[in-house]
Structure formats: C-alpha cells, structure tokens
Amino acid sequence: MITTNNLMKKTAIVAAVAAMVMCAVPSAAQEVRRDPVPMPNVNTDTLMKHVMELSSETYQGRLAGSAGYDRAVRYVKRVMAAYGMEEVTEQPFTTECNEVENCKFNTYVPGSKEKRVFTLGNEFCCVGVTGRGYVDAQMVFVGYGVDHKAMNEYKDVDVKGKIAVVLTGLPQELGLPQQVAEHYLTLRDKARTAEKHGAIGLLAVNVSPTCQPYEPQGRAWCGELPHLTTFPMLQLTLDCAREIFAGEKMPVDSAMVRIARERRPQSFALLKKAEIDVNARYRPAARTCNVLGVLRGSDNLLAKEYIVVGASLDGLGMQGGTCLFPGADINATGVAAVLETARLLSQADFRPKRSVLFVLFSGGEQQYLGSRTFINNYPKLRHVEAFVNIQNIGYGDSLVVLGDNRYPTLWEEAHYCDTSIRTFDMSFSELQRIWPSAVMRGNSAKGDSVAVINDFRFPLMLKLNSHSFQAGGRFNMRVTKEKTNPRGDARAFDAVGIPSLVITTHNGMHHNHVTTDIWENIDRRILTLASQLTSDLVCQIGEGLYQGRSPQSRGGRQE
C-alpha cells in the first residue's frame, strides 16, 4: 500500500533526477563544451612504406582492370587484414581497360633518309583509349579540332588519309556556346571528328597547365564510347610539338595565340610526315573491384552507424613496358592515409563508437566509376553518416578541406580537430623530424620537459577571419572558407545527401598524372599532416556527438 509520505518521497526523487538530467543536457542556446577525443599519432615511415610499395613497378601503375591493379588489391587486402579489419571484401564491377603493349613514333621529311625517333615516356605517350594500328602519313594541324559553323578548323584543309594534329582542351576565348564546346573537350570527341573527315590517326599536343612542357601526361578517361579500335592516338609534350613544328608555316605557340586572339582557324598542312605504330589490348568490360574493410564500433547502438573513409586505388598504368605512371601522389598517398587510419583506429584504446568502413575505390580514373558503384550497391547505405575522401596529399604548399559549402557542420568537426590540444607519444627527435619548428622547453633532467608546437596545438586551421584559416609553421597551411563543394569520389556520396569532405592539398598538382609522380617527390611532412587530420577527424566523428545526415537523405541511389 502506497502511503502519502512514500508518494511524496518518490516524487521528490523523480524531481531531483529530472533536475540532474536537465542540468546535464545543454539547451539549444548553450554551446556544447567537450574535451578532444584521445587521438593516436600517425607514423610517417608506415605511410611512406605504403606509398613506396604501391608506386613501384610491381603494380605497373595500377590501371583498373589490369594485372597490376589486381596485385595492388591483394596488397591492400593483406594490410587491412593485418590491421584487424573484421571483414575485408571485394566489390566487383567492370570497366573498359586499354593496355598499350608497345608504341613507336617518329617524324621525317619526305625524300630524306633521316628520321627523328621520339621516346615513349619521355617525349610522348599514348592516349589512354588509343586504338591499335600502323600509319605513315603527312601531318595536318587543325587547331583544337572544332568542326562547327561558328568555327570550322577543317574547312580549308584536307585530312583524308592523313594524321590530324590537334591541341588538347578548348580555350574560353573562342566564345563557343557551352553545348558546342563540351563536344570538343575530350580527345575521343576530337578523334571522332578527325576520323569523320578521313584522318587515319591523331596527334594531340598537350597544352594543359597542370604539367611542365617537357612532361608526358597520361589520360585514362578521354570521352564516351564507342571505342575507335583501329585509330591510333598519341599525346605529345609541348616541347615535342615545338620541335615538330620547327621550320613549318608557323610555330605551335604562335598558332595557339592567333587562334585565341583572332577567333578563327589557323589550320595548315605540315611538310613533315609521321610514322605511328601502336599495339594495344582493349577490353570493353574488364573485371575490377573496390576493396572494403570494416572496423566494428565499440558501442552496441552506435556501431550500426558507419563513417566511410575512402580513396582511389587505381592509376594510369604502364605503356609499352617503359612508360610508367607510378601514381605516388595521385593517389598512393590517399590510400596510405586510409590504411594508416585503419591501423590506428583498430587499436583498442582508440576504437570509435561508430563503425568505420574503409573503401579503396577502383575506376577513379574512369569518372569515379568505383564510388558510383559503391553508392548503388552497398546494402547499408542508409546507415552511412559521413564520408571522408583523401586525394593526392603528398605535395603542395598547404592543406585544403573541401565541402564547407554543402556540409558546414562536418567541416567544423575538421576545424575542431585541427585546433584541439594534442600530446605526442613519440620521442622529441622523431617529432622534430616531422615538425622541424618544434622546440623543447623545460628541464629534461627533472623530467618536466615538453615539446612545444605552436603552444601545444596541432595547427592546420587557425582561424584568422570569416573567409580563411591559416596555421603557422613552415608551410603556412591554409584552408579557404570560400564556398567549396565535395569533388572526386565524394560527388557520388554528395549526390545522395551523405555529408562529405575531401582532404587534399593546395598547389599540389605539380605531378598530375605524369611519369615523375614518384615516391621521391613526396613531401613527408604534408603527407603526415594530412594523414593526421584524417585519423583525427574520423576518430572524432566516430564518437557519436556528430549528428550525421538528415533523415530525408537516407536510402538514395544514384543512376
């Protein structure tokens, strides 16, 4: 029987508990104060080990669909399993794959016995989707290869039975309507136009600002199907083209300037002929796969939610057994950061409450086919709360975190990680090797010395104003707060409403898809900083305070 006194006591207890709960839960107007989640330190040597391995000749540039890529898959699966992933699986799909087995290219003046033999991988490379075949014909320069009433660069020249020479890209100065310009942006489109006019091969002069004029630059995706099976296509360095155009009607640089300035064709037939011989093995549906590794969360309830951490594993491959695109920065560095984050978070002391899914995508060089495949086929997509993408983090003058325009809440988690106080469990000599600006303060003899890095902080984004973030140190690292959206593999996640960030570098495209993208050119310090930010961010948002995606965005699929 409940008496009045007992009822009063129980009411008082309930009221006290309710008051305690209300005190513990801050109101919406109050700022939530929290301590940083304990975060382990990345190991620079381990990161570099993965970069050196994946960019070696063993993996032949990791072209999606090739044997080299399959070897890379086996390597990362072994590493993931060794790092304690509960499940390491493949997500298979198909992609077009074109492997160049050998290629020769030379030029000559008709009637002369001398030939100028150019070197594959040094002065030129094959277009990723080149057809096979042998051609020996006169070269005809047709500018950017445009055939439209607004500008017809084939009008006053004859390319039938000849080799068309085109410039890559399309300058805005031409003023062509967007729908017209888009048709002539890719090399496949330029080749189809040249073939329509009777050309039997294509030489593309690379004028991209993302590489040096002496560097061969590879291209895997060059436009939509169909494939031009017997139409050979090469891409020349700008220096190579300058040599070929010497003694002709006009230098290639002058032709580019006049086309942009006068907005009219500068096409002409060259005196020289070219000899091209390409043997390529093309497969329209080669098998490839994404690699998935799962780390179960430590909390029974939150473990049902997933943070996805991903990077592209594939590259541009190798041509002719001599022209290797190692892909150290793009994107062995991103893969290394994913693997290192997996290693750190698998430790019992740092395992987050949410589950973490590590994904290494194939088809990144094929318009990010792997990430789109993942979105359309992953069965637990509704439970994915965020995606962190890592792209080419081995070179540049600063770090960039993209996505603040679409997902400011997730971006602020990255900012919080960057400005939170850190401690380091490495020796001072190891610390100073990575951060040369670190100094030792205190009395080591008394055991009270500390290493100081910008007042105990791990600074990547120290707020300056409403538009930019900057940190001190050798790199003067900056993350712009101007409106940025996810790119690369993150686009597929963004398309279905999954909050996404991209961790990359600023001014880091000096080795963009070129043969000099080797591990020796990797900046160990910026690689370490970007990898540390990645592991810190994943650890932080994996703890449950980050709220994740909206209910309206769950369950989407992308066509």
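Buried means under 20% relative accessible area, exposed over 50% and partly exposed in between, with a 1.4 Å probe and protein chains only. This is a predicted model, in which local features need pLDDT of at least 70, side-chain atom pairs count only at pLDDT 80 or more, and totals for chains, interfaces and linings use all residues. Residues are numbered from 1 along each chain as its sequence is written, and side-chain values use heavy atoms, leaving out hydrogens and water.

**View 1. Welcome to the whole chain.** Here you can find 13 helices and 22 strands; these are DSSP runs numbered from the N terminus, with helices (H or I) having at least four residues and strands (E) at least two. Of the 559 residues in the chain, 54% are buried.

**View 2. The buried residues of helix 6.** Helix 6 spans residues 238-245, and its L238, C240, A241, I244 and F245 are buried. They lie on the same side of helix 6, because they cover an arc of only 155° around the axis (the arc is that of the directions from the helix axis to the C-beta atoms). Just after helix 6, look for G247, which has a positive phi of about 85°.

**View 3. Helix 6 meets helix 7.** The axes of helix 6 and helix 7 (residues 252-262) come within 8 Å and cross at roughly 100°. Axes are lines fitted to C-alpha atoms, for helices over the stretch in contact, and angles run from 0 to 180 degrees between N-to-C directions. The two helices are therefore roughly perpendicular to each other (angles of 65 to 115 degrees; under 35 counts as roughly parallel, over 145 as roughly antiparallel and the rest as oblique). L238, A241, R242 and F245 of helix 6 make the contact with V252, D253 and M256 of helix 7, where contact means heavy atoms within 4.5 Å.

**View 4. Helix 2 against helix 13.** Helix 2 (residues 44-54) packs with helix 13 (residues 524-541) at an angle of about 105°, their axes 10 Å apart. On the helix 2 side, T44, D45, L47, M48 and V51 meet R524, L527, T528 and S531 of helix 13.

**View 5. Two positive phi values in one loop.** Q60 is found in the loop between helix 2 and helix 3 (67-82), and R62 lies in the loop between helix 2 and helix 3. Phi is near 50° for Q60 and near 55° for R62. Q60 counts as partly exposed at 33% relative accessibility, whereas R62 is buried, with a relative accessible area of 0%.
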